[in-house]
Amino acid sequence: QVRLVESGGGLVQPGGSLTLSCAASGDIFRIYDVGWYRQAPGKQREVVAVITGGGRTDLGDSVKGRFTISRDDAKKTVNLLMNNLKPEDTAVYYCKMDLATRLSSYRPYWGQGTQVTVSS
């Protein structure tokens, strides 16, 4: 069974930084696209940052220049470095990995989410 566990969320002041980490465990055969998404109260879930299996990085317009996504397939992790945080970045952040196990084909897996609150 595959599990994705996020960590690193919390309360930070505007202008501050946080690093979110997501670690996958289980009988994973191959990891394809990975990414971070967020959902603020009353809003739809939106993409924050994605790294494709080929290494291409895509960032949401609102976080370009402030956030950096990275992946380590050997460790089965994906990180999100968030700088210059703003109150509008407040949301629950979710990790997503598209992966295949030795017993099942490619499908998306989601973490449980981690809260990020930007407030003075």
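Cys22 is buried, its relative accessible area being 0%. The model discussed here is predicted. Cys95 is likewise a buried residue, with a relative accessible area of 0%. These two cysteines are joined by a disulfide, with an S to S distance of 2.1 Å. The link connects distant parts of the chain: Cys22 belongs to strand 3 (residues 18-25) and Cys95 to strand 9 (residues 91-101), 73 residues apart. The angle about the S-S bond is -80 degrees, and the link of Cys22 and Cys95 is left-handed. A search of the whole structure returns one disulfide.

The search of the whole structure finds eight salt bridges. One of these pairs Asp89 with Arg38, where the closest N and O atoms are 2.9 Å apart. Asp89 sits in the loop between strand 8 (77-82) and strand 9, whereas Arg38 is in strand 4 (residues 28-39), so the pair ties together parts that are 51 residues apart in sequence. Asp89 is buried at a relative accessible area of 0%, and Arg38 is buried at 6%.

Asp89 also forms a salt bridge with Arg66, the closest N and O atoms being 2.7 Å apart. Because Arg66 lies in the loop between strand 6 (57-59) and strand 7 (67-72), and Asp89 in the loop between strand 8 and strand 9, this pair ties together parts 23 residues apart in sequence. Both Asp89 and Arg66 are buried. Through shared partners, salt bridges join Arg38, Glu46, Arg66 and Asp89 into one network.

A further salt bridge links Asp98 to Lys96, with the closest N and O atoms 2.9 Å apart. Both Asp98 and Lys96 are buried.

Methods: Residues numbered from 1 in each chain as written. Predicted model: local features only at pLDDT ≥ 70, side-chain atom pairs only at ≥ 80, totals over all residues. Heavy atoms only, no water. Disulfide = S-S within 2.5 Å. Helix = DSSP H or I, 4+ residues; strand = E, 2+ residues; numbered from the N terminus. Buried < 20%, exposed > 50% of the residue type's maximum accessible area, 1.4 Å probe, protein only. Salt bridge = Lys/Arg side-chain N within 4 Å of Asp/Glu carboxyl O.
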